[in-house]
Amino acid sequence: MTERVEPIPTTVPTGRTMTGRPRVAVLGTGAMGAPIARSLLRAGFDVTVWNRTRRKAEALAGQGARVAATPAGAAAEAEFLITMLTDGDAVAAAMGGVDGALTALGPDAVWIQMSTVGLHATRSLLELADGRVEFVDAPVSGSSGPAEPGELLVLASGQRALRPRVRPVFDALGRRTLWLDRLGDGSRFKLVLNNWLAVLVEGMAETVSLTSVLGLDPGLLLATLTGSPLGSAYATAKGRAMVEHDFAPGFPLHHAGKDAALALAAADHWGLELPLTEALLKRWDEAIAGGHAADDVASVVTAAAPAPR
Ligand SMILES: NC(=O)c1ccc[n+]([C@@H]2O[C@H](COP(=O)([O-])OP(=O)(O)OC[C@H]3O[C@@H](n4cnc5c(N)ncnc54)[C@H](OP(=O)(O)O)[C@@H]3O)[C@@H](O)[C@H]2O)c1
């Protein structure tokens, strides 16, 4: 009887194992980072994860990921490194410093920055990379629902020559990659899309409340919008969640508020006012103060209720 000998995964200088599986480090295994890591594992990548709260990263060990104690430990010998953390400060903390991933990444490695951090932080992170590693700006559109089966929309920008290299990574976690020309355009377009999302959600919240105070059935509103040119599938789905008070997070309000604030900051830089976004952020802060920070963005309907008379 011949004994089956498993190949010993030895590292070769390119960041691949002897089995040819490219190594990917994922920093941040929250609501988005964990399904992204799972998509990469399903696609056959050799995945190492790191999370500030280690327990969350360890949940992925049973699914085939290695768990590193530090960002540098995750980055060692990685061909690709993905950051999927809350904001620019969190990404800078994980990449910089003595245990930071940048201390361990090789010069051929590609840092794929997928967190939504806005334009100012994207510039700072690019400065932090300082040409020591390749940098691709690649925030995603889509929440944990589409992240799980690998159906995100990747908004990518970076050197054209890197596109073929990172394509297998993006194909594993997204249904589509939209490549944009200038480095940073991924983050610019992410702000544009999420500003639109914010206006749609607030518009739905206020319209659901108006329907109710006029003594009409919000179900009639949603049924009339569904499939009509006036409707948007996203807004109607959020409207249904508002009517049913189902605030289980898809897209948590604190992230949606962060993104609206980032859009305001970007517009302000160019002297553009966004009065709708500015106004809705005040309402969203009320919903956050009311305990809805971690709830779905649909919970902003709570701030659109009529004031008591
Ligand atoms: N959720 C969505 O629907 C969605 C959709 C598209 C894009 N995004 C964007 O994707 C990014 C991640 O979102 P998420 O939903 O995965 O968030 P999340 O579930 O709240 O996870 C946040 C992650 O960031 C880490 N973190 C926060 N502050 C840190 C710090 N100072 N140092 C190190 N790590 C820190 C957290 O670590 P701990 O576990 O230790 O707290 C966790 O790993 C955000 O930029 C968000 O805007 C989210």
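Gln 63 sits in the loop that runs between helix H2 (54-58) and strand E5 (66-67); helices (H or I, at least four residues) and strands (E, at least two) are DSSP runs, numbered from the N terminus. With a relative accessible area of 39%, Gln 63 is partly exposed. On the scale used here, buried means under 20% relative accessible area, exposed means over 50%, and partly exposed lies in between (1.4 Å probe, protein chains only). Leaving aside residues up to four places away in sequence, Gln 63 touches Arg 38 and Leu 41, where a contact is a pair of heavy atoms within 4.5 Å. Gly 158 is 95 residues from Gln 63 in sequence, and the two C-alpha atoms are 31 Å apart in space.

The model is predicted, so local features need pLDDT of at least 70 and side-chain atom pairs count only at pLDDT 80 or more, while totals for chains, interfaces and linings use all residues. Residues are numbered from 1 along each chain as its sequence is written, and side-chain values use heavy atoms, with hydrogens and water left out. The mean pLDDT of the chain is 94, and 94% of the residues reach 70 or more; pLDDT is the predictor's confidence in each residue, from 0 to 100. Over residues 1-13, however, pLDDT stays under 50, and the model has eleven contacts for this stretch beyond four places in sequence. Where pLDDT is low, the predicted coordinates should not be read in detail.

Turning to the overall fold, the chain has twelve helices and eleven strands. Taken along the principal axes, the C-alpha atoms fill a box of roughly 75 × 55 × 35 Å. Of the 309 residues, 47% count as buried. Among contacts with a separation of 6 or more, 63% come from residues 24 or more positions apart. The chain exposes about 15400 Å², with carbon and sulfur atoms supplying 58% of that area; accessible areas come from the Shrake-Rupley method with a 1.4 Å probe, and for residues only the protein chains shown count as cover.

Helix H7 (residues 163-173) gives a view of the interior. Its buried residues are Arg 163, Val 166, Val 169, Phe 170, Ala 172 and Leu 173. The cover over these residues includes helix H1 (33-42) together with strands E6 (80-83), E7 (110-113), E8 (134-137), E10 (152-157) and E11 (174-180).

The structure holds ten salt bridges, each defined as a side-chain nitrogen of Lys or Arg within 4 Å of a carboxyl oxygen of Asp or Glu. In one of them, the side chains of Asp 46 and Arg 66 meet at 2.6 Å, N to O. This pair links distant parts of the chain, with Asp 46 in strand E4 (residues 46-50) and Arg 66 in strand E5, 20 residues apart. Asp 46 is buried at 4% relative accessibility, whereas Arg 66 is partly exposed at 38%.

Asp 185 takes part in two further pairings. Its side chain meets that of Arg 182 at 2.9 Å, N to O, and that of Arg 188 at 2.6 Å, N to O. Arg 188 and Asp 185 are separated by about one helical turn, because they are three residues apart in helix H8. Through these shared partners, salt bridges join Arg 182, Asp 185 and Arg 188 into one network. Within it, Asp 185 is buried at 10% relative accessibility, Arg 188 is partly exposed at 31%, and Arg 182 is exposed at 52%.

Helix H8 (residues 185-213) also contains Leu 210, which is partly exposed at 46% relative accessibility.

Glu 77, in the loop between helix H3 (71-75) and E6, has a positive phi of about 65 degrees although it is not a glycine. Asp 130, in the loop between helix H5 (118-129) and E8, is likewise not a glycine and has a positive phi of about 50 degrees. Glu 77 is partly exposed at 45%, and Asp 130 is exposed at 57%.
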